[in-house]
Every structure is written in C-alpha cells, then in structure tokens.
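This report takes up the overall architecture of one protein chain and then turns to the surroundings of a single residue.

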Amino acid sequence: MAVRQADVVLVGGGVMSATLGMMLRQLDPSLDIVMVERLDHVAHESTDGWNNAGTGHAGYCELNYTPETDDGDVEIARALQINAQFEVSLQFWSYLVEQGILPEPSTFINRTPHQSFVWGEKDVAFLKRRYERLKEHHLFREMEYTESPDDLSEWMPLVVKHRDPMQRVAATRIKHGSDVDFGSLTRSMVEWLETQPNFELMLSSPVHYIDQRDNGRWKLRVKNQKTGELTKLEAGFVFLGAGGGALPLLQKSGIDEARGYGGFPVSGQWLVCQKPDIVEQHDSKVYGKAPIGAPPMSVPHLDTRIINGEPALLFGPFAGFTTRFLKQGSVFDLFGSVRATNLRPMLSVSKSNMDLTRYLIGEVFQSHTDRVESLRNFFPDAREEDWRLQMAGQRVQIIKQTPEGGGKLEFGTEIVAAKDGSLAALLGASPGASTAANAMLNVIERCFPEKLKTDQWQERMKELVPSYGQSLVNDEQLLNRVRERTLSTLKLG
C-alpha cells in the first residue's frame with residue numbers, strides 16, 4: 001500500500017482544524033496539507049450552527065467569566081482575556097474577507113447585541129458592580145447599564161413584557177456583539193482550501209491508527225467508511241482538532257504530555273422557536289446566571305440566531321450526562337478513555353463534583369413543560385406549542401491531573417503539544433470556536449517556532465492579525481485601531 005506523504009495532517013473538519021489549515025496556507029503556500037474527517041462532510045459536529053451557542057464569546061454578556069469574589073468584588077481578568085482573544089478572531093476573519101477568501105460577512109457573522117439580564121436584589125447588585133468594574137477598561141468602554149423599564153422594553157421587549165413590575169431587574173448591553181454561524185464559516189474556509197494546490201480533504205475517513213516513527217514523523221491509517229479503502233498517511237506535523245474525538249486520539253499517540261488527562265462528556269439541548277411573529281421581536285443574546293452546580297456551558301440564554309441564513313430563537317442549553325464523546329460517537333467512548341494514568345484523576349473529579357452530578361441528573365429528567373417553565377424566566381409569555389427541542393453538540397470537559405495526583409475539572413480549552421512540536425491537540429469546550437484564531441496562533445508558536453522566527457512568517461502574521469505580538473488588554477490605541485477596522489469590515493458597527 002502506497003503511503004501518502006504530507007507536511008501537515010489535520011484530524012477533524014471543524015473550525016479549529018480549518019482555522020489552522022487556513023493560517024498555515026497563508027504563512028507558507030508550499031505546505032502539503034491533508035484534512036481527514038470521520039463524517040461525510042465538514043463542520044457537522046460541535047462546529048455546526050445548531051450544535052453551539054453561536055455567541056461570539058467576548059465576555060460581554062457571559063456572567064460566568066466574571067465571578068464574584070469572597071469580599072464582594074468582581075474578578076474581570078478572564079473576561080478581558082477572552083475579549084482580547086475574540087478580537088484576534090475578528091482580525092483574522094476581516095483579513096480573509098478583505099482578500100475575498102471568505103464571502104459576504106453576513107453569511108457567517110451578524111451584529112447581535114450582547115446583553116446580561118438578572119433579577120433579585122443580590123444579582124442586580126452583582127451586575128451593577130460587574131458593569132462598574134468592566135466599564136473602567138477600554139475593552140468594555142461601550143457597555144451600558146440600566147434598570148429603567150423604558151430602556152429594558154427597548155433592549156429586550158420579549159424578556160420584560162408582562163413581567164412582575166415589583167421584581168427588581170437590571171441589564172447591561174454591548175451593541176456590537178455578534179452571532180456567528182461557525183458551521184458556515186468553517187465550510188467557507190474549507191471550500192477555499194480545496195481550490196488550492198497541495199490540499200486534500202478526505203471525508204468519511206476516521207483515523208484508526210497513529211504512531212510516531214523513529215525519524216519523528218507520524219504514521220496514520222484511515223479507512224474510508226463508504227469504500228472500505230485503507231490509506232496510510234505520513235506527516236511531519238499532526239493536529240488533533242477532532243472535538244470530543246481529540247482525547248482518544250491523543251491517548252493513542254502515546255506522547256508523554258497526554259498522561260493524566262481525562263474527559264467528562266456533557267450533552268446539550270436547545271428549545272427552538274422559528275415562528276416569524278415571535279422571532280422578529282427579539283434581536284439580541286440575553287445571558288443570565290447559571291444555576292448552582294451547572295457547568296459554564298449551561299448558563300441560560302435567549303438568543304437570536306442566524307443559521308444557514310435562516311433566523312431563529314434558541315433558549316438553553318439544557319445539559320445532560322452522556323458517555324459519548326461525539327454526537328455521532330459511541331456509548332463506550334468514556335469507558336474506552338480510562339487509562340491507568342488518568343483513573344485516579346477521573347475518580348477524584350467524580351467524588352468532588354456532586355453538585356454537577358445532581359444538576360445533570362435533574363436536567364436529564366426534565367419534561368418539555370419543565371424546560372418551557374425555565375424559559376419563562378426570560379420570556380414570560382412563552383407557550384409550549386411554539387417551541388421544539390433540538391439536540392445540541394457534545395462537549396468533553398477536561399479532567400486534568402493535579403500535582404498531588406488527584407483530578408480537577410476544567411471548563412476552558414487547552415492545547416496539549418508534544419515536546420518536539422510534531423503533534424498538538426485541542427481539548428475542552430467553552431469559549432471554544434470564538435477563540436479559534438488565538439488558539440491556533442498558540443499551536444503555531446509552539447509547533448513551528450523556527451519558521452515563526454523568520455522575517456517572512458513574522459510579516460505575514462502581522463498581515464493576518466495586525467495586533468500579533470502586542471497586548472490588546474494593555475494598549476488602548478491598538479485596540480481602537482483594530483476594532484474600528486473589524487467592526488467596519490465585518491459590518492458589526
């Protein structure tokens with residue numbers, strides 16, 4: 001059997017692999033890149049528009065990114081970090097639009113105000129303090145705060161109509177927030193890559209074998225699910241961007257850096273409304289506070305969505321427990337991921353997260369009536385018959401070994417890379433796709449350090465992401481320049 005030689009193999013056809021492939025193609029058009037995807041088309045697992053929130057996660061409305069401290073203050077460092085990372089994605093997408101690589105921006109991103117909404121004295125006090133802390137920073141200078149019934153009727157009419165007038169409520173707003181159809185974005189990137197030389201897309205081709213040769217190159221074996229044909233691949237660099245499927249492949253790679261990692265799978269569901277007379281009354285993403293014990297992906301929100309060009313309202317997500325790592329995975333995924341090196345961390349996490357376990361069990365047994373009742377916290381007039389249940393994507397939260405040998409459940413994303421830079425994997429979930437450009441810059445820095453030192457790659461990086469190598473958190477003038485460009489190019493201003 002002939003071996004297909006390549007410079008780069010991207011495992012998974014989602015937004016992470018597509019972003020990395022696009023960046024590498026812009027940096028060095030001579031690279032021979034192969035993308036392998038287990039399904040028969042790309043962007044159909046977590047990246048698909050129906051399988052994620054579509055929120056351009058910028059920390060504007062997500063209250064879990066600004067936790068309250070024990071002394072009553074609000075910690076904003078994570079919100080600043082995530083906001084700056086999303087600005088990197090906006091810069092990269094702007095470059096691709098300007099070059100004609102991506103189509104009209106409205107096909108994948110649309111201006112959708114980002115709003116936080118809370119009720120009750122305690123949460124109103126928290127939101128006001130959060131606003132005061134964030135407003136001080138240039139990244140959030142355009143944030144607005146209100147408790148005014150008139151303002152709220154303008155900002156979020158569905159949310160406040162027929163609400164108890166005695167209930168104290170408050171909201172914040174950033175007008176230039178966005179809704180992103182990551183599925184359409186990814187398909188557009190892959191379609192362009194397919195027009196380029198030295199790029200091959202292999203669909204219906206899961207990876208069955210991965211191992212590193214003595215010369216440092218990686219051997220992979222994939223099998224076409226439709227034809228039964230086996231293909232051997234060999235590459236100098238492999239990226240595992242397969243969503244929930246990345247952890248099992250990372251374990252198969254045998255690199256030392258994979259030791260101790262486990263995964264905690266969580267499923268999701270949305271309530272969906274596509275009735276025009278209701279959809280047209282809501283034009284924003286409205287985020288609330290998560291229930292006690294809920295994972296960050298389960299922060300309740302009522303969202304305007306534009307998926308494949310069609311408007312809809314989504315509410316949720318409602319979480320549940322599953323043993324699958326992928327929406328179209330196996331019920332044995334979780335059990336197959338248990339190793340001697342991660343057994344103790346996984347058992348430790350299961351014992352120390354009983355609130356989460358109880359929450360997930362409760363979510364599983366909710367009825368449609370129960371879910372609509374939760375929706376009425378955000379839309380008092382919601383009727384059961386106007387909403388249907390839609391399955392969302394699978395998420396595999398990271399279980400990471402602690403120095404003491406126990407385990408810690410992580411709710412972010414993490415890049416695991418081999419010490420020789422020949423392989424990297426992206427694990428975890430939220431904020432995920434929104435920070436894909438920043439995450440893939442991190443992969444390039446860790447895995448292509450020598451090439452990145454060259455003048456050619458440095459100059460190209462500055463073209464792709466003008467803020468590269470500088471801090472948007474610390475440099476207000478830089479932020480003003482890049483934001484003015486991205487809001488104009490992507491029509492978010």
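The protein chain contains 16 helices and 20 strands. Its radius of gyration is 22 Å, close to the 23 Å that the globule rule gives for 493 residues, so the chain is as compact as a globular protein of that length. The model is a predicted one, and the values below are computed from it.

| Property of the protein chain | Value |
|---|---|
| Span of the C-alpha trace along the principal axes | about 75 × 50 × 45 Å |
| Share of the 493 residues that count as buried | 58% |
| Distance between the mean positions of the positive and negative charges | 4 Å |

The charges comprise 54 positive and 64 negative ones. As for how the chain is connected, 72% of the contacts between residues at least 6 apart in sequence join residues at least 24 apart.

**The setting of Ser-178**

Ser-178 lies in strand β7, which covers residues 178-180. Is Ser-178 buried or exposed? With a relative accessible area of 2%, which is under the 20% cut-off, Ser-178 counts as buried. When its neighbours within four places in sequence are left aside, Ser-178 is in contact with Gly-54, Thr-55 and Gly-56, with Phe-86, and with Ile-109, Asn-110, Thr-112 and His-114, while Lys-285 and Leu-492 are also among its contacts.

Terms used
Residues numbered from 1 in each chain as written. Predicted model: local features only at pLDDT ≥ 70, side-chain atom pairs only at ≥ 80, totals over all residues. Heavy atoms only, no water. Helix = DSSP H or I, 4+ residues; strand = E, 2+ residues; numbered from the N terminus. Rg over C-alpha atoms; globule rule 2.2 N^0.38 Å. Buried < 20%, exposed > 50% of the residue type's maximum accessible area, 1.4 Å probe, protein only. Contact = heavy atoms within 4.5 Å. Lys, Arg positive; Asp, Glu negative; His and termini not counted. Charge placed at Lys NZ, Arg CZ, Asp CG, Glu CD.
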